Amino acid sequence: MRIIICANTAWNLVNFRAGLIQSFHERGMEVIAVAPPHQQHAAQLMRMGCRFEEMPMDNMGTSPFGDLALLMRFTTLFRRTRPDVYLGYTIKPNIYGSIAAKMLGVGVINNIAGLGVAFSRGSKIQGLVEVLYRYALRGSRRVFFQNREDRDDFVRKSIVMPELTELLPGSGVDLQHFTPARAVPSENGADSVFLLVARLLWEKGVGEFAEAARIVRSTKPQARFQLLGFLDVQNPSAVSKAVIEQWVNEGVVEYLGVTDDVRRYLAAADCVVLPSYYREGTPRSLLEAAAMGRPIITTDWTGCRNVVDHDVNGYLCQPRDAGDLASRMLRFMSLSLHERVAMGDASRAKAEHEFDEKFVIQKYLNAIGEV
């Protein structure tokens, strides 16, 4: 069986789909990874045993001519490679890859891993994207969603038939790779380390994180606030490098740069924070934090709330409310060492019971078997 798996970045496939790709290889399937060109991540995919096919795409572009050219590239690719199944991730591969596959009789399985900025802002583009999704998903054999709210939105708007949908526990997490960190939280909660791991976009709550850091440090100056993630310079919602440097110079946050392995940073943190109001699927950064036994503070928001049982393995705060976020941080700092450790243990238990990557892989294998 030949499978094409496509996303809008090769980084996405390397970081979120490695376990799935490995499971396909173990079952004798041929995997063709498709994404925009990226030398480092393409090499990683090939080391995983994939054949890599470059697919240039303007992820932020809205040009109809550019999108028509992308559709033609997908059509040419499918005619040349003749796949049995197409797995689409992210908006443009889900739309244009699915349309091309449908025209050529290729079985399609989609993953709606969050709705992104277009749906967060309620802008004019949202209506266009909904129309395109409605047409593209018409021929799909299975459409996976990462949270109930997104699925309900698509069904209510008749974008997808409910019988084609199924829920996944996010992208899942490899519980053997992300294991509970041995580092013991500090005895004194006043010097707690709060870590935000994300693309540095305003919708991810980066601004609220910085403002909450100012509030907390006014009474708890020993507390530390860290940002880990790349600056998405092509995204109009990106926090600029100048703003990050200003925060660092003020002593508000520490910027840790980017990494391909977040485990040592998660291990060094007392609490992982994501104050997002982005239309998340189920944030992978929170799944990894939970698997490593870290308490979590995140927003009571689509996707984010899936990972936190309030007052058990962390706290939920209100979106776009730095004051509420700061109050949750201060509450966490007031906990005893025993209480903070218990919160981390509850995170690991939740990851094991609800978010094991094996659950996701089995659902994909079932869907591919049906196709």
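A residue counts as buried here when its relative accessible area is under 20%, as exposed when that area is over 50%, and as partly exposed in between. Keep that scale in mind as we walk through this predicted model.

What does Thr 302 touch, once residues up to four places away in sequence are set aside? Its contacts are Asn 147, Glu 149, Asp 150, Arg 279 and Glu 280.

Seven strands make up an open sheet with parallel pairing, and their order is β3-β2-β1-β4-β5-β6-β7. At the edges are β3 (51–54) and β7 (165–167), each of which pairs on one side only. On average, neighbouring strands of this sheet are turned by 20° against each other, direction ignored.

Within that order, take a look at β4 and β5. Strand β4 covers residues 85–89 and strand β5 covers residues 107–112, and the two pair in the parallel sense over five bridges. Gly 88 stands opposite Asn 110 of β5.

How enclosed is β5 by the rest of the structure? Six of its six residues are buried, so β5 is largely enclosed. In a regular strand, side chains alternate between the two faces of the sheet. For β5, Gly 107, Ile 109 and Asn 111 lie on one side, while Val 108, Asn 110 and Ile 112 lie on the other; all are buried, and both faces of the strand are covered.

A helix also meets this sheet. Helix α15 (residues 357–370) lies across β1 (2–6), β4, β5, β6 (142–145) and β7. Relative to β6, the helix runs at about 165°.

Our last stop is on the surface. There, Phe 230, Val 248, Tyr 255 and Val 258 form a nonpolar patch, and together they have about 310 Å² of accessible area. Tyr 255 belongs to strand β10, which spans residues 254–255.

Methods:
Residues are numbered from 1 along each chain as its sequence is written. This is a predicted model: local features need pLDDT of at least 70, side-chain atom pairs count only at pLDDT 80 or more; totals for chains, interfaces and linings use all residues. Side-chain values use heavy atoms; hydrogens and water are left out. Patches are made of residues with over 30% relative accessible area and no salt bridge: like charges are joined within 9 Å, nonpolar side chains (Val, Leu, Ile, Met, Phe, Trp, Tyr) within 5 Å. Accessible areas come from the Shrake-Rupley method with a 1.4 Å probe; for residues, only the protein chains shown count as cover. A salt bridge is a side-chain nitrogen of Lys or Arg within 4 Å of a carboxyl oxygen of Asp or Glu. Helices (H or I, at least four residues) and strands (E, at least two) are DSSP runs, numbered from the N terminus. Two strands pair if DSSP finds at least two bridges between them. Axes are lines fitted to C-alpha atoms, for helices over the stretch in contact, and angles run from 0 to 180 degrees between N-to-C directions. Contact means heavy atoms within 4.5 Å. Buried means under 20% relative accessible area, exposed over 50%, partly exposed in between (1.4 Å probe, protein chains only).
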